[in-house]
Amino acid sequence: ARIRTPDGADVTRCFLAGARAALATATEHGVRAALLKESSPSCGLHRIYDGTFTGSTAAGPGVTAQLLQDHGIAVFAETAVEAADAHLRTPPGDAE
């Protein structure tokens, strides 16, 4: 992942540090699910802004969404509150 500002500065390191901090906090508190903002380069689940600063998006997850998923935390877009709720009502380890 490469994340740049409109003037071209590479801020990828900052986004990765934020993703790692989110994972550490989630792990420390036993988080099973995260409700994140779609389209964000950090939190987008299905689509992220493509970096052209034109409002265009590209398919794929943001860095935080991907890292959380890679560590077994279910990630839901902010429009999927009901699905997140259903996930949390299912005991850990049960088939969903």
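Here is a friendly walk through this predicted model, from its first helix to its salt bridges. Residues are numbered from 1 along each chain as its sequence is written, and side-chain values use heavy atoms, leaving out hydrogens and water. Because the model is predicted, local features need pLDDT of at least 70 and side-chain atom pairs count only at pLDDT 80 or more, while totals for chains, interfaces and linings use all residues.

Let us start with helix H1, residues 12-28. Helices (H or I, at least four residues) and strands (E, at least two) are DSSP runs, numbered from the N terminus. The expected span of a helix is 1.5 Å times one less than its number of residues.

Which residues of H1 are buried? They are Thr-12, Ala-19, Leu-23 and Ala-26, where buried means under 20% relative accessible area, exposed over 50%, and partly exposed in between (1.4 Å probe, protein chains only). These four cover an arc of only 65° around the axis, so they sit on the same side of H1; the arc is that of the directions from the helix axis to the C-beta atoms. An α-helix has 3.6 residues a turn, so residues three or four places apart point the same way. The buried residues pack against helix H2 (63-70), with contact meaning heavy atoms within 4.5 Å. On the face turned away from them, H1 carries the exposed residues Arg-13 and Glu-28.

Now to the strands. In a regular strand the side chains alternate between the two faces of the sheet. Strand E4 (residues 74-77) is covered on both faces: Ala-74 and Phe-76 on one side, and Val-75 and Ala-77 on the other, are all buried. E4 pairs with strand E1 (residues 33-36) in the parallel sense over four bridges; two strands pair if DSSP finds at least two bridges between them.

Finally, look at the charged side chains. A salt bridge is a side-chain nitrogen of Lys or Arg within 4 Å of a carboxyl oxygen of Asp or Glu, and the count comes to four. One of them joins Lys-37 to Glu-78, with the closest N and O atoms 3.0 Å apart. This pair links distant parts of the chain, 41 residues apart. Another joins Arg-89 to Asp-85, at 2.8 Å between the closest N and O atoms; both residues lie in helix H3, four residues apart, about one turn of the helix.
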